[in-house]
Structure formats: structure tokens, C-alpha cells
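Please read these notes beside the coordinates.

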Amino acid sequence: YVDAKTLAQPAIEAVRSGAIKVVPQTWEKTYFNWMENIQPWCVSRQLWWGHQIPAWFADDGSVHVAENETEAQALAGPGVTLTRDNDVLDTWFSSALWPFGTLGWPEAQPSPPSGGEGRQSEAMTGRGGSEAASQTPPSPFGAGAPLPSPPEGGEGRSLLSRHYPNDILISGFDILFFWDARMAMQGLHFMKEVPWKTLYLHGLVRAADGSKMSKSKGNTVDPLGLIDQYGADALRFTLTAMESQGRDIKLDEKRVEGYRNFATKLWNAARFCQSNGIGASTTLAAPKADIAVNRWIIGEVVETLAKLDKAIADLRYDAMADAIYHFAWGTFCDQYLEEIKSNLQSGVDADEHRNVAGWVLDQILVMLHPFMPFISEELWHALGAREGDLIHAKWPDPQAGIDLDARQRMTWSIAANNAIWSARSEINVPPSAKLVAWAEADSDKAEEVLVMQLDNLRRRARLEAIHIPRRQPSSPPIAGTGTF
């Protein structure tokens, strides 16, 4: 048995002090309830393989726990015949060593023994209780001496010093006690430091009706089958978009199909760009832009990047997916490319449009890469010659701001197009029918935008002509307002 109560105390204090942050925080109560009522841990298992229990039995019935047989013999005395326990350690005990045991511990950077020469652990007791726990292991928050700081840089450093402690552990909430809490206990006991700074607990993937997947119920989903049908990117993005803190995922195949369509939309947008001379960007910063639509889309990239960065910092995976999805599909594909299409084809300001569009598409691929790595990498190379793979590209840094004037102009233009299509739908006008429209602006600025957008509105709203009645002079409208 292991004295789990002794091991648990530093791990409890780590969460209370904030050395380990639990996300969502609501799981802290469950964590404390289990850890504070923890029972002695039977670590003996009759398995075929695993870490053999480091306990040796003498003929007189005494038990000697040590790191190796030589040290056990020294504890028992010369001439005493010892027999090692045939059982192996509990799977979760061995798994708890994962954060440091996989990195070369104890050879790479051994911790000092906590309870005297040859004693593996004062928290571990031998069979029959002859090695009773006598003291609490040093706490990293008290008198326990921390490990020496690793040297700067990566050269000459061991895997252990480079990767312990880690930043974040992402885990299903169902193994909070089986594995996560035990890793915290073992890491603090042997390494005198938390194994990771943040513990993120995600939900479970369930059937579409919310029930737990079961082979007997026949409601399991084969991820390989979904990948074969819709692609790995679509499944990956689905799980990202549905991962909301503390909630289970009801996996619906229709959602996977929808995000497959999103990948197709992006692919077609890249093909459109290629066919119109838009290729890879050569700059990390946003290119120079004088035209309102280009100044607007650069500002939208800046805003989307801010949303994405905040969502990443808050571990809101659903918000990350939402930000890049709506920008790529709605803003870039459905609005921006449609706005510049006629200019690309006519050659009017085509160079600026191509430079900006190529840069924006690059930013989309970089921001999307963590969620849809395969299609983004493919398009990254298809758009032009690159020095390296997308996975090594720098995170977006537009070095630009949001142009409020350009945003207002484009907001009005988009609203006008949407209003026209809504009116057509209400009176059941076929999409193919070309109509004549009358648009009355309520301010000089609105009229200016209308005049500038006449060609785009005519094309996008399927209009034969747009008439703008002469506007009567009136008092200036309130700043920021404007209707059609």
C-alpha cells in the first residue's frame, strides 16, 4: 500500500495556491473532495508486465523497500535471504510517472532521496506495514529544496530539464482521479515541482442524442470511417468547434459534413484567387492599401486575430473555431472576394487588390492551420513558392489597425446588398430576374458610398440599374448612422 494521504497534501496545496490552474474551475471542488478523502492506495497488481514492486521479503517476514536489491540487502543485513515481490505496480502508479519518467528520470536528473539511504519513499509502505510512513515529504511550497534551474538555451540540456515542468495537460474529466491527480502527486513527490501549470479538462464525445457511446447499444462512431468520408480536417474542426469548456460533445455527422463543406469553400476560394493572379504574399505585415474595401479587410484580419489570440489564451477552443470560420467563409469569401471580383476582371486597381487578397488568404491559412492542418498546408504551397512548410510560418502580425471609416463604408455597402436580396425574397422575385432599383441615401456619406458601389451592387444584387433620387439638404445625421 502507498500512503496516498501523504502524497496528496502537496498536490492539494498546488491547486489551492494556483501553482496548478484547473480549467474549468468548477472541477476544483470535485478534485478537493476526492483528494481530501483519499484512502491508502493498493498498488499491487497481478499483471503480465509493468514495473515490478520494489519490495523484498525476508524469511523472518520482514519487508524491505528499496530502489534495488543491493540496497534492500543492506537494509536486511548480510546473509539474509531475500525474495522480491512477484507482483507489479498498479497501472495508474506507473502512469503517474509519465511526465518525468519518459524524459530520462532518474538518470538524467535524479531527485535526492526523501527519507534516508536506500529508501525509495517514506510514503510507500511494505506488505504488512513494516515500513510505515514516518514523515510528510518536503513540499515545494515549504522547506523542500527545489531542483536547480536549468541552463539557458537548449544546447546541452537534458530532455527532463527542457520539458519538465510542462505548461498544460489536456485531459478528459473522467480520468481526473485515475491519472491527472496521481501525476500531480508523483511529480511533486519525486521532482519537487508541479508537472504542469494548467490542467484543462474537456468533455467526452457522446452519440448525437447525448447518450454514452456503447458497442452493445450500437451507437458508436468510427472516427476512421468519418475521416474516409469527410476528411481528417473536417472531423478535427468539428471537435474543435464543439469543445466548449465543461460540456460533452454530441457528435453529429451533419456537423462533420458541414465543416467538410467549409473546407471545400476555402479550396474553391483559393482556386478563384489563383485564376485571377492572386498568389502567395511576400510580407508578414499588411500591404499598403488606399481603397476602402482593402483597408476594411485588413482591419477585419486584425480583429479576427485579436479574437483568436484571446480565445487561445482563455482555452476556448470553440471560440477559436468560430472566429476563423466566420471570417474565412463570411467575411473573406462571401463579402470581400465578391466586392473585388469585378475590379479584378476589369483590371481597375487590380494590383492592390491582388496584393491585399493574397496577404489575407495567407493569414487565413496560418490562423486555420492548427485546426485544419492538411488543407491549409496544401493550399499554402499551391499558392506560390515558399521557403518552408506552413507549420513553421510565423503567427500573423499585421502591424496595422482597424480603419473605422472603411468599416463604416463597407458596412453600409453590405447592408444595401442584403436589403435588396431580402426585398426580392419577400416578393418572390426569381434570383435570375434583373430589376431596376431606387435607393435613397439619408446623408452625403451614404450617397457617396452608393455612387462608389453602384457597379458592385448592380452585379451582386442582380440589378439592371440603380437610380439615386436627388437628396434634399438636411441637418447632418448622427455620427455612425446611415440607412438605405
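Is C273 buried or exposed? With 0% relative accessibility, C273 counts as buried, where buried means under 20% relative accessible area, exposed means over 50%, and partly exposed lies in between (1.4 Å probe, protein chains only).

1. Basis of the values. This is a predicted model, in which local features need pLDDT of at least 70 and side-chain atom pairs count only at pLDDT 80 or more, while totals for chains, interfaces and linings use all residues. Residues are numbered from 1 along each chain as its sequence is written, and side-chain values use heavy atoms, with hydrogens and water left out.

2. Cysteines. The structure holds zero disulfides, a disulfide being a pair of cysteine sulfur atoms within 2.5 Å. For the buried C273, the closest cysteine sulfur belongs to C333 and lies 8.0 Å from the sulfur of C273, which is too far for a bond. C42, by contrast, counts as partly exposed, because its relative accessibility is 29%.

3. The open sheet. Three strands, in the order β4-β3-β5, form an open sheet with antiparallel pairing; helices (H or I, at least four residues) and strands (E, at least two) are DSSP runs numbered from the N terminus, and two strands pair if DSSP finds at least two bridges between them. β4 (63–65) and β5 (82–84) stand at the edges with a single partner strand each, so one side of each is left without a neighbour in the sheet. Neighbouring strands of this sheet are turned against each other by 30 degrees on average, direction ignored; axes are lines fitted to C-alpha atoms, for helices over the stretch in contact, and angles run from 0 to 180 degrees between N-to-C directions.

4. Strand β3 (residues 55–58) pairs with β5 in the antiparallel sense over three bridges, and here F57 stands opposite T83, while W56 stands opposite R84. Towards β4, which runs antiparallel to β3, there are likewise three bridges, and V65 in β4 is the bridge partner of A55. The hairpin of β3 and β4 has four residues between the strands, and in this hairpin G61 takes a positive phi near 95 degrees.

5. Helix on the sheet. Helix α3 (residues 69–76) lies across β3, β4 and β5 and runs at about 135 degrees to β4.

6. A helix pair. Helix α2 (residues 27–36) packs with helix α7 (residues 176–191) at an angle of about 75 degrees, the axes being 12 Å apart. The two helices α2 and α7 are therefore roughly perpendicular to each other, given that angles under 35 degrees count as roughly parallel, over 145 as roughly antiparallel, 65 to 115 as roughly perpendicular and the rest as oblique. The contact (heavy atoms within 4.5 Å) involves W27, T30, Y31, W34 and M35 of α2 together with L176, F177, A181, R182, A184 and M185 of α7.

7. A buried loop serine. S244 lies in the loop between α9 (232–242) and β10 (249–250) and counts as buried because its relative accessibility is 14%. Not counting residues up to four places away in sequence, S244 touches R316 and D318. Its side chain makes a polar contact of 3.4 Å with the side chain of D318; a polar contact is a pair of N or O atoms within 3.5 Å, where within protein one must be able to donate a hydrogen and the other to accept it, and residues adjacent in sequence count only if both atoms are side-chain atoms.
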